[in-house]
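Let's take a walk through a protein model together. Keep the picture open while you read, and look for each part as it comes up.

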Amino acid sequence: KKKMTEEIDKLLQTQRHLKESIPKLEEYLKSQTASSTYDIDANLALLKLYSLYPDTSNVSQICLVLSKSLMAMPLTDFQMCICLIPDSLQQQPRLNSFIALGGMLETAHFEQFWKLAKEPQIFDITKQIKDFDFAIRVYITGLHSITYKSIKAEVFAASLNLKVSELKEFESSLGYSVKSGIVYFQYVAPKQSDSKSKSSLNLSPDEMTGMIHSVLSSSCSP
């Protein structure tokens with residue numbers, strides 16, 4: 001993995017705009033989906049190459065990029081990716097569904113998000129990605145925890161696409177506790193995080209939750 005990362009770093013410095021770089025970037029994207037690693041710079045470079053060479057565009061690969069960027073929320077990676085996808089391509093049914101999926105997550109329509117995520121055109125992509133559901137649940141929990149001190153268990157469970165009986169399983173990893181039908185959130189002190197890091201997703205749950213607190217609290221400040 002380290003060798004591949006070094007190769008990609010060199011490629012981005014010297015061959016970023018070459019059509020021949022596409023297969024290597026696609027291979028690197030595949031390695032990201034199988035692990036917790038994430039390289040937004042490389043993924044943006046791949047999208048840029050698709051726009052420069054439309055005949056090479058691969059909708060499934062673009063959807064994988066979008067999925068990984070959703071896992072990086074609250075960072076704005078998803079919107080950066082969308083900006084590199086030509087309008088004509090955005091109308092492609094599967095891509096359009098992924099764009100709608102991102103919109104639902106950004107606007108906190110969580111139950112609708114999970115409903116759409118179950119559709120085959122979405123699930124066939126996200127099932128290839130390690131910890132996709134968990135990363136989304138970390139983000140949603142972070143949103144809840146800076147908004148509420150507590151919330152009804154059934155409301156919280158629905159937002160995570162879980163049954164109330166399943167909430168206990170995620171207590172320690174997502175940073176909350178369930179008592180008598182109420183979910184209480186545990187504040188996680190924000191930790192330093194480089195939003196430009198190519199391994200933003202290579203974090204522990206506490207670190208990711210801390211990043212969410214840090215970014216969202218900052219954006220909510222007057």
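## Starting with helix α1

The face of α1 turned away from its buried side carries Lys2, Lys3, Lys10, Gln13 and Thr14, and these residues are exposed. Keep in mind that you're looking at a predicted model. What about the buried side of α1? There you'll find Met4, Ile8, Leu11 and Leu12. They cover an arc of only 95° around the axis, which puts them on the same side of α1. Here's a handy bit of background: an α-helix has 3.6 residues a turn, so residues three or four places apart point the same way.

What do the buried residues of α1 pack against? Their partners are α2 (22-33) and α3 (40-52). You can check the length of α1 too: with 13 residues (2-14) at 1.5 Å a residue, the helix should span 18 Å, and its end C-alpha atoms are 19 Å apart, which agrees.

|---|---|---|
| α1 | Met4, Ile8, Leu11, Leu12 | Lys2, Lys3, Lys10, Gln13, Thr14 |

Two packed helices are described by the angle between their axes and the distance between the axes. The axes of α8 and α10 come within 12 Å and cross at roughly 175°. Angles over 145 degrees count as roughly antiparallel, and α8 and α10 are therefore roughly antiparallel to each other. On the α8 side, Phe110, Phe113 and Trp114 make the contacts, and they meet Phe132, Asp133, Ile136, Arg137, Ile140, Leu143 and His144 in α10.

Phe123 is in helix α9. Is Phe123 buried, exposed or partly exposed? It counts as partly exposed, because its relative accessibility is 42%. Leaving out residues up to four places away in sequence, Phe123 touches Ala117 and Lys118.

## A glycine in a loop

Next, find Gly181 in the loop between β2 (176-179) and β3 (182-185). At 36% relative accessibility, Gly181 counts as partly exposed. Setting aside neighbours within four places in sequence, Gly181 is in contact with Ile151, Lys152, Ala153 and Glu154. Val164 is 17 residues from Gly181 along the chain, and their C-alpha atoms are separated by 8.4 Å.

## Stepping back

Time to zoom out. The protein chain has 13 helices and three strands, and 45% of its 222 residues count as buried. Among contacts between residues at least 6 apart in sequence, 62% join residues at least 24 apart.

How confident is the predictor? The mean pLDDT of the chain is 88, with 83% of the residues reaching 70 or more. Over residues 189-202, though, pLDDT stays under 50, and the model has 28 contacts beyond four places in sequence for that stretch. Residues 217-222 also stay under 50, with three contacts beyond four places in sequence.

Methods:
Residues are numbered from 1 along each chain as its sequence is written. This is a predicted model: local features need pLDDT of at least 70, side-chain atom pairs count only at pLDDT 80 or more; totals for chains, interfaces and linings use all residues. Side-chain values use heavy atoms; hydrogens and water are left out. pLDDT is the predictor's confidence in each residue, from 0 to 100. Contact means heavy atoms within 4.5 Å. Helices (H or I, at least four residues) and strands (E, at least two) are DSSP runs, numbered from the N terminus. The expected span of a helix is 1.5 Å times one less than its number of residues. Buried means under 20% relative accessible area, exposed over 50%, partly exposed in between (1.4 Å probe, protein chains only). The arc is that of the directions from the helix axis to the C-beta atoms. Axes are lines fitted to C-alpha atoms, for helices over the stretch in contact, and angles run from 0 to 180 degrees between N-to-C directions. Angles under 35 degrees count as roughly parallel, over 145 as roughly antiparallel, 65 to 115 as roughly perpendicular and the rest as oblique.
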